Amino acid sequence: MATQTIGIIVNGATGRIGSTQHLANALVPIMREGGLALGNDRLLPRLLLVGRDADRLAAVAQDHGLENWTTDLDSALSDSDCSIFFDAAATQQRLTVLEKALAAGKHIYSEKPVAPTAAQGLALLEKAQARGLKHGAVEDKVHLPGLQKLAALIRADALGRIVGFRLEFGWWVFDGSDRPAQRPSWNYRAGGGGLILDMYPHWRYVIETIIGRIVRVASAEWIATPERIDEQGVRYPVAVEDSATTMVELEGGAFGTILSSWATRVRRDDLLTLQVDGTKGSAVAGLHRCHVQSAAQTPAIAHFSVMKDIDADYRSEWVDAPALAAYRNPYRVGWEQFLRHVAEDAPFSAPLLEGAKSVQLAEACYKSDRERRWVELEPLSL
């Protein structure tokens, strides 16, 4: 069995997503296992870490047993041994660095959002195609076990015709005064921050992969926490939304809602829950668990009391969805697919077009809030 190497520039290697998810849970395990099997051969990643802080980069490299790192992005892009450029750095610089990577002849794989606007995402796609380069956007959430179980139920027609859905997400992010904030301050600043731009790209591919295509939205956003304290202890005004709600119409006529907030306390089954209702049953998925109630198990709720709590247990008629045969880390699933896409032209489910569609949803929600109306999402293509 022959082993071939493939050079990957990991930009934003010191960030939480870059170091914890893409390195620790995906690329480094692939390397430690001797590479990715490709027929009778193996493909072994060779990583070049890039970031702005030399000390932090050196520490991340040491933690993962890696040798190559640099704070010079241009130098990294000039390395002819690296054929893939991956970006998990700050959203504000993403478009610029992806354009530079394409100009340097690199295949690109990117965290979301792939660009500030859908039009810029399509322009990236056009440049990649013109140069004959592979491209992709990270779509990890759809590979979570709870959502995989939900998707399996829908594929098996266990829920019947879909009549509606409800997606709820969020937790309380401290403002930094009493306890440290759990999210970086750039999430709350103009020019790249905002809950919709940060999280709705995930909700787009989750909804469209599992349930159906989004055709129009009516959305509202607001700032629940107007002031916060940044990493340097400086108080600053929040410039972008930390909460949003959206009504969604799917192709075929079903409707659903999205409620997301960084200013809510959790009293749900999970940080993220997606309930899908159908004529044959309903299912509620979290990150790992999924519960289902068939039509036969649905109770005939006929009464209630305004005078006393009748102590109804509405969860008792729900059962666990069938377990998955196997489960792998969602970030690793994406990397293995993309590496096969680059190395042997295998199909890849999330090219840049999908990333542009995700940005299109965020743009439509902002426009809906601004103009106080439903906004259509036309099919995207070059």
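At what angle do the axes of helix α4 and helix α5 cross? They cross at roughly 10°. The legends below describe a predicted model, in which local features need pLDDT of at least 70, side-chain atom pairs count only at pLDDT 80 or more, and totals for chains, interfaces and linings use all residues. Residues are numbered from 1 along each chain as its sequence is written, and side-chain values use heavy atoms, with hydrogens and water left out.

**View 1. Helix α4 against helix α5.** Helix α4 spans residues 94–103 and helix α5 spans residues 118–130. Helices (H or I, at least four residues) and strands (E, at least two) are DSSP runs, numbered from the N terminus. The two axes come within 10 Å. Axes are lines fitted to C-alpha atoms, for helices over the stretch in contact, and angles run from 0 to 180 degrees between N-to-C directions. The crossing angle makes α4 roughly parallel to α5 (angles under 35 degrees count as roughly parallel, over 145 as roughly antiparallel, 65 to 115 as roughly perpendicular and the rest as oblique). From α4, L95, L98, E99 and L102 meet Q120, L124, K127 and A128 of α5. Contact means heavy atoms within 4.5 Å. The residues of this contact divide into five nonpolar, one polar and two charged. Here Ala, Val, Leu, Ile, Met, Phe, Trp, Tyr, Cys and Pro count as nonpolar, Asp, Glu, Lys and Arg as charged, and the others, Gly among them, as polar.

**View 2. The largest nonpolar core.** This core has 49 residues. A nonpolar core is a set of buried Ala, Val, Leu, Ile, Met, Phe, Trp, Tyr and Cys residues joined through side-chain atoms within 4.5 Å. Buried means under 20% relative accessible area, exposed over 50%, and partly exposed in between (1.4 Å probe, protein chains only). L147, L150, Y200, W203, I210, L274 and V276 have the most contacts inside the core. Helix α7 (residues 195–210) gives the largest share, 10 residues. Beyond its neighbours within four places in sequence, Y200 is in contact with L195, A244, T245, T246, I258, S260, L361 and C365. Another core, of 30 residues, lies apart from the largest one. Among its members are V60, Y331, F338 and L339.

**View 3. Helix α6, largely enclosed.** Eight of the 11 residues of helix α6 (residues 145–155) are buried, so the rest of the structure largely encloses this helix. The buried set is P145, G146, L147, K149, L150, A151, L153 and I154. These residues pack against α7, β14 (272–278), β15 (281–285) and β16 (290–294). D157 follows α6 and has a positive phi, near 60°.

View 4. In α2 (residues 54–63), the buried residues are L57, V60 and A61. They cover an arc of only 100° around the axis, which puts them on the same side of α2. The arc is that of the directions from the helix axis to the C-beta atoms. D55, Q62 and D63 are exposed on the other side. The cover over the buried residues includes α1 (16–32), β3 (41–50) and β4 (69–70).

**View 5. I17 in helix α1.** I17 is found in helix α1. I17 is partly exposed, at 22% relative accessible area. Residues up to four places away in sequence aside, I17 touches H22, E111 and Y331. D311 is 294 residues from I17 along the chain, and their C-alpha atoms are separated by 43 Å.

View 6. K112 and P113 are joined by a cis peptide bond, with omega about -15°. P113 is found in the loop between β6 (107–110) and α5. D345 is not a glycine, yet has a positive phi of about 60°. The loop of D345 runs between α8 (330–344) and α9 (352–371). D345 counts as exposed, at 53% relative accessibility. R372, also not a glycine, has a positive phi of about 55°. R372 is found in the loop between α9 and β18 (375–376). R372 is exposed, with a relative accessible area of 66%.

View 7. G191 lies in the loop between β8 (162–170) and α7. Its relative accessible area is 60%, so G191 is exposed. A300 is found in the loop between β16 and β17 (319–320). A300 counts as exposed, at 77% relative accessibility. A300 and L195 are 105 residues apart in sequence and 39 Å apart in space, C-alpha to C-alpha.
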